[in-house]
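Please keep the sequence and the 3D view at hand while reading.

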Amino acid sequence: MPKDNRLRILVGTRKGTYVVEGDTRRKTWKVGPVSHEGEEIYHVVADPRHPGDLYAAVNNGFWGPTVQRSKNWGKTWKEIATPLAPAKKDRKPEMNESDPATPVKRPINNLWHIEPGIASEPKTLYLGADPHLLFRSSDLGASWEPVDSLNNHPGRKDWAPGFGGPCLHTILLDPRDARRLYVGLSAVGTFRSDDGGQSWTPKNKGVEAPFLPNKYPETGQCVHHVVADAADPDTFYRQDHGGMYVSHDRMEKWVRIGKPLGEDFGFGVASPASTPGKAYFVRLDGKGRTTGLGYFQVQEWNDKTRTWRKLLAPKAFPGDFGVQREGIAADNLDPAGIYVGTTTGQLFVSPDAGKTWRLVPYQFPAIHSVSIANPAGS
Amino acid sequence: MLEVHVDGWLREFGPKSKEQVAADSVAHLIDVLETRYPRLRFKVRDETGQLRRYVRVFVDGVDVSGTTGVGTPLTGARTIDILHSIAGG
């Protein structure tokens, strides 16, 4: 696939995949290939190791989930291998509470997140699925292996689903070390592996679980999304059901940062490459699950000054907007582009790290995920 | 020999028109179809072997999806319809 200099916004919606094409000015956009009509796309992602390659987590309400790949920036897609729920012998089975002797057989319900490996592992992919499953591919999705150490984790018997189901939705890779991985599961929390996924340790210290009797358990937090600081792979920003947090020590401990916002509920978070030490959240009303202010707003966290800044003038975009866990993304240009997709199908873009905002002039279906295919060489 | 019809959306993965199949149960019938049309695998049934939630199988016009399902015997049956149910929004 020849390289080109277009920047693409990859939009996964409740009714299909949209590739929105622009350039480094990020002022005009063209809605390009539309695919997977009628299918729920929980995540679409570009593989920066192989320009032109996109992966989609396609969840078809009738025929089940499939992993699909495009080799031409989304013009055409092909179904590749889709992992299966590990057989009973490979995984501790879900127990049937009324009849513990008869395990419940559970298929994979939905695919949630696809993460291309780091540059030194050009054929590696990771995939997160419901129910609470992690898979690894060493051949770019021709086959998948369950990560048994996590899928059979001894704590699994206590893992509960969130409202979106028992999903493994966040996968983070340390760009310096292929042995270090992080995952986020709802409503379980975050885990870290330092040995290439052979063992996993819960990393939720300091994160409140306001819906549990024990407010600070080892696991049981409902993490919604986590991103790494682009300049510091040991720093993470976390949007949890129980608030907004930062960790500076590979998730060893979390510090709540959201309290100055009042309610610090939300789902998504992004941290652009050109704004180290900054993270962008969309605070939501915990009950209504929308911005709830009567207008669109994005909150910027400055980790150096430990202060918050609201980026939009009140009433710039009137309405109440929902944003899901994969709904906020950033590009790697300078100044940073920030992108927010809403559950009512608006796609907001700031080409200048939050100074100005505009809408892509297109009404999408409900947006599940937004990610960026950066221009070649950027 | 059974005469099998699949609906329009499933034809992307399976037979494009009526298919003749010899099978003694719904599970056996789907096994045969999956052998002939590998892309049908895991579309009609999930990996536990059960019919997917929004798939309907009719044996001589009777919907067996919510009753005997894949275990339905097909002795004496003549026609099978595999359809997706009315769902979504």
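Predicted model: local features only at pLDDT ≥ 70, side-chain atom pairs only at ≥ 80, totals over all residues.

Strand S6 (residues 64–70) of chain A supplies three residues, the largest share of the side of chain A that touches chain B. That side comprises seven nonpolar, three polar and five charged residues.

**The interface**
- Chain A contributes 15 residues to the contact, and chain B contributes 16 residues.
- About 1,300 Å² is buried between chain A and chain B, and 63% of this area lies on carbon and sulfur atoms.
- Within chain A, the residues that lose the most area to chain B are Phe62(A), Trp63(A) and Leu84(A), which together account for 58% of what that side buries.
- Two salt bridges are found across the interface of chain A and chain B.
- Glu79(A) and Arg39(B) form a salt bridge, with their closest N and O atoms 3.7 Å apart.

**The nonpolar cores**
- The largest nonpolar core contains 26 residues, and Leu29(B), Leu74(B), Ile80(B) and Ile82(B) have the most contacts inside it.
- At least two residues of this core come from each of S1 (2–6), H1 (26–36), S3 (55–59) and S5 (79–84) of chain B.
- Helix H1(B) gives the most to this core, namely five residues.
- A second, separate core has 20 residues, including Tyr280(A), Phe296(A), Leu311(A) and Val323(A).

**Helix H1 of chain B**
- The buried residues of H1(B) are Val26(B), Leu29(B), Ile30(B), Val32(B), Leu33(B) and Glu34(B).
- Their cover includes strands S1, S2 (19–21), S3 and S5 of chain B.

Note on methods
Residues numbered from 1 in each chain as written. Chains lettered and ligands numbered in written order. Heavy atoms only, no water. Core = buried A, V, L, I, M, F, W, Y, C linked by side-chain atoms within 4.5 Å. Buried < 20%, exposed > 50% of the residue type's maximum accessible area, 1.4 Å probe, protein only. Helix = DSSP H or I, 4+ residues; strand = E, 2+ residues; numbered from the N terminus. Contact = heavy atoms within 4.5 Å. Buried area = accessible area lost by both parts, 1.4 Å probe. Salt bridge = Lys/Arg side-chain N within 4 Å of Asp/Glu carboxyl O. Nonpolar A, V, L, I, M, F, W, Y, C, P; charged D, E, K, R; others polar.
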